[in-house]
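Good morning, colleagues. I would like to take you through one model, beginning with a metal site and ending with a domain interface.

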Amino acid sequence: MKKCLAMLLCAALLAGMLCFGAAAKETQTACKGACDYYPTIIIPGLGQSSVVMVDENGAFIRDRNGKKASAFPAYLQTGKLIKTLAKPLLLSLMLQRDAGLSEAFATAIDDAFGVNACDLNAQPIGSIVTEKYPYSYANYNDEEKEVTNSHVPFEMYPTDLPRDHLYYFAYNSFGNHIGLAEELFAFIKTVQQQTGHKRVNLVPLSQGASIVSAMLGYHPEVADALHKILFVVPALDGSKIIGDVFTGRITFLDSDYLYHGFLENIRLLDAPTASLLELVLRVLPDEVWMATLNAGVKHLVENVMIRSTGMWALCPSGDYKAAAKRYLSSPEMANIKAQTDRYYQVQKQSRANIAALKDKGVQVFCVAEYDYALINVGERWNDQNGDFIIQLDSTSMGATAARVGETLPKGYQQQNTFCTNPAHNHIGPDRVVDASTGLLPDTTFYFKNQRHDLTQHNDIILKLAMQLIAHDEITDVYSSPDFPQFNYGRDVRNLHALLEKAEGVNTKLLLPSVKKELAAAVALGKETLNKTVDTADALPKAEAALSTALLHAGAKLPELQKPNVCAPLSEFLYKHFGSNGYSELWKAAVSR
Ligand SMILES: [Zn+2]
Ligand SMILES: [Zn+2]
């Protein structure tokens with residue numbers, strides 16, 4: 001009897017294993033791996049994955065609107081923030097000194113960003129969950145589609161690639177970098193197995209490229225599983241912003257710059273708001289703000305950023321040694337340093353590793369953006385050309401460029417470091433970039449004046465990417481007149497909104513001339529959207545035509561220019577009183 005039972009159990013187990021094995025190996029695609037498409041994995045950029053808060057039972061914490069509470073880049077709880085900051089702020093205002101404000105601000109930073117902290121092995125320890133999709137886009141639910149489309153608008157820019165061949169590798173930007181590289185390596189195997197295809201495409205965006213670069217270094221054999229890589233504004237050699245932060249070169253910790261220049265040049269605020277904020281800053285003595293900002297930065301950098309190997313992978317190789325000396329030289333950081341050292345070795349080899357891929361027949365393309373100075377948080381924000389977030393040298397794998405607003409020196413000759421065809425002209429028509437010194441001169445597309453963090457609103461880049469992941473017709477920057485090497489950046493959200501408004505106008509009541517003007521503006525708008533070769537003024541022209549036509553049709557109010565009333569006052573105060581607060585003005589006046 002016992003023997004029987006044992007045999008039965010064995011048989012059941014075996015059957016179970018066989019079934020499981022069969023289920024695990026069964027391909028999920030309609031083509032069973034036999035079509036001409038290649039499964040494509042998007043590896044998104046910083047913060048482009050859903051990392052959300054969970055409570056002690058692992059249940060999602062939801063905000064007032066029922067949405068899962070985001071943990072990126074911080075978990076913001078307004079009530080808690082007010083509770084922490086209100087009293088010390090009021091006291092500091094009344095006493096005109098640091099009455100606990102800097103300490104409270106540091107606490108608020110720890111509370112908000114601390115959810116992304118890692119332990120001394122660089123493993124995340126917060127109550128957070130990264131929502132992952134170990135299945136193709138064809139199986140996404142509505143929420144998953146919404147999240148992924150907010151970062152890469154697949155629905156807006158359709159691709160011929162079948163949906164069951166499309167994958168999104170979601171990850172925690174503060175996560176363990178070696179772990180992420182291993183996870184991506186395993187994910188490629190999952191995709192091969194689910195789709196039945198032997199080779200896949202990778203589309204790493206921004207920070208995602210650091211993970212791909214790490215994987216290429218740790219697992220060079222992955223080349224056999226790759227058909228094509230399309231790097232989009234890749235952080236292959238980090239960002240100088242992180243390099244500056246990790247080497248102590250933060251601009252706004254200098255009070256003179258904070259009160260005069262920082263806010264005006266940050267390009268995230270309009271000029272009137274920037275000037276108003278400069279006036280607001282003076283309600284406290286500058287020493288109080290400096291103490292507060294220094295405390296906040298110290299806590300953010302030391303308690304969160306330097307324990308994240310995901311963040312370290314964004315430090316340029318040229319800054320790594322100094323940054324590691326500054327933050328990773330103590331014995332307690334040894335385990336983290338061992339990991340960042342490992343990535344540093346790979347990072348220095350990243351261009352060589354990519355060149356090796358090409359030698360193995362993997363197609364490699366790149367999209368780089370330029371003529372947008374880095375955000376002025378780090379001191380070297382305009383040392384090199386960039387795209388607001390990453391310097392061009394990193395995203396273009398070594399292209400030579402003039403600084404933003406300048407051109408290459410007179411008489412500059414194309415270097416042809418990586419282009420062997422003397423017939424190729426790799427210097428852009430604006431003479432800002434020499435693409436021939438970048439690793440991939442024939443397969444790198446450049447977009448002028450394109451802001452990195454708004455890349456998903458550039459319809460041309462999206463259309464190019466959707467082409468490249470579905471087809472192999474485009475083999476280089478000379479393949480299609482629709483996608484030349486040098487193009488213009490743009491954000492088409494406003495044009496889409498204007499077109500929608502214009503098409504909603506009831507034209508029956510309009511004067512014939514206005515009706516005609518509106519129709520012409522709509523036609524121009526659509527023509528602009530259909531063109532994939534842009535010029536500097538095409539988009540502003542189309543937007544202006546639509547705005548004017550809508551105005552004439554009574555469907556839009558005239559836009560009033562906000563006068564910058566605070567600017568002269570802020571300028572006056574800075575000139576005569578430096579960065580002093582209002583309560584210190586008399587002091588400053590007396591001392592002069
Ligand atoms: Zn297929
Ligand atoms: Zn060439």
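By way of definition, a donor is an N, O or S atom within 2.8 Å of the metal, and water is not among the atoms, so a site may look incomplete. Please bear in mind that this is a predicted model.

With that criterion, the zinc ion (ligand 2) is coordinated by C419 through SG, H424 through ND1, H426 through NE2 and D442 through OD, at 2.0 to 2.2 Å. Along the sequence, these donor residues follow the spacing C-x4-H-x1-H-x15-D. What is the geometry of the site? The site is irregular, the angles among its 4 donor atoms being 87 to 148°. Four donors count as tetrahedral if all angles lie between 85 and 135 degrees.

Are the two histidines, H424 and H426, buried or exposed? H424 counts as buried because its relative accessibility is 18%, and the cut-off for buried is under 20%. H426 is buried as well, with a relative accessible area of 0%.

I turn now to the domains. The chain is divided into domain 1, residues 363-491, and domain 2, residues 493-552. Their C-alpha centres lie 30 Å apart. Domain 1 contributes 14 residues to the contact and domain 2 contributes 13. Between them the two domains bury about 1100 Å², with 47% of that area on carbon and sulfur atoms. On the domain 1 side, Y488, R490 and D491 supply 53% of the area buried against domain 2, more than any other three residues.

As for polar interactions, the interface of domain 1 and domain 2 has 2 salt bridges and 9 residue pairs in polar contact. D491 forms a salt bridge with R493, their closest N and O atoms being 2.7 Å apart.

Notes
Residues are numbered from 1 along each chain as its sequence is written. Chains are lettered from A and ligands numbered from 1 in the order in which they are written. This is a predicted model: local features need pLDDT of at least 70, side-chain atom pairs count only at pLDDT 80 or more; totals for chains, interfaces and linings use all residues. Side-chain values use heavy atoms; hydrogens and water are left out. Donors are N, O and S atoms within 2.8 Å of the metal (3.2 Å for Na, K and Ca); water is not among the atoms, so sites may look incomplete. Four donors count as tetrahedral if all angles lie between 85 and 135 degrees; four count as square planar and six as octahedral if opposite donors are over 155 degrees apart and all others between 65 and 115; anything else is irregular. Buried means under 20% relative accessible area, exposed over 50%, partly exposed in between (1.4 Å probe, protein chains only). Domain bounds come from an automatic or database domain assignment. Contact means heavy atoms within 4.5 Å. Buried area is the accessible area (1.4 Å probe) that two parts lose on being put together, summed over both. A salt bridge is a side-chain nitrogen of Lys or Arg within 4 Å of a carboxyl oxygen of Asp or Glu. A polar contact is a pair of N or O atoms within 3.5 Å; within protein, one must be able to donate a hydrogen and the other to accept it, and residues adjacent in sequence count only if both atoms are side-chain atoms.
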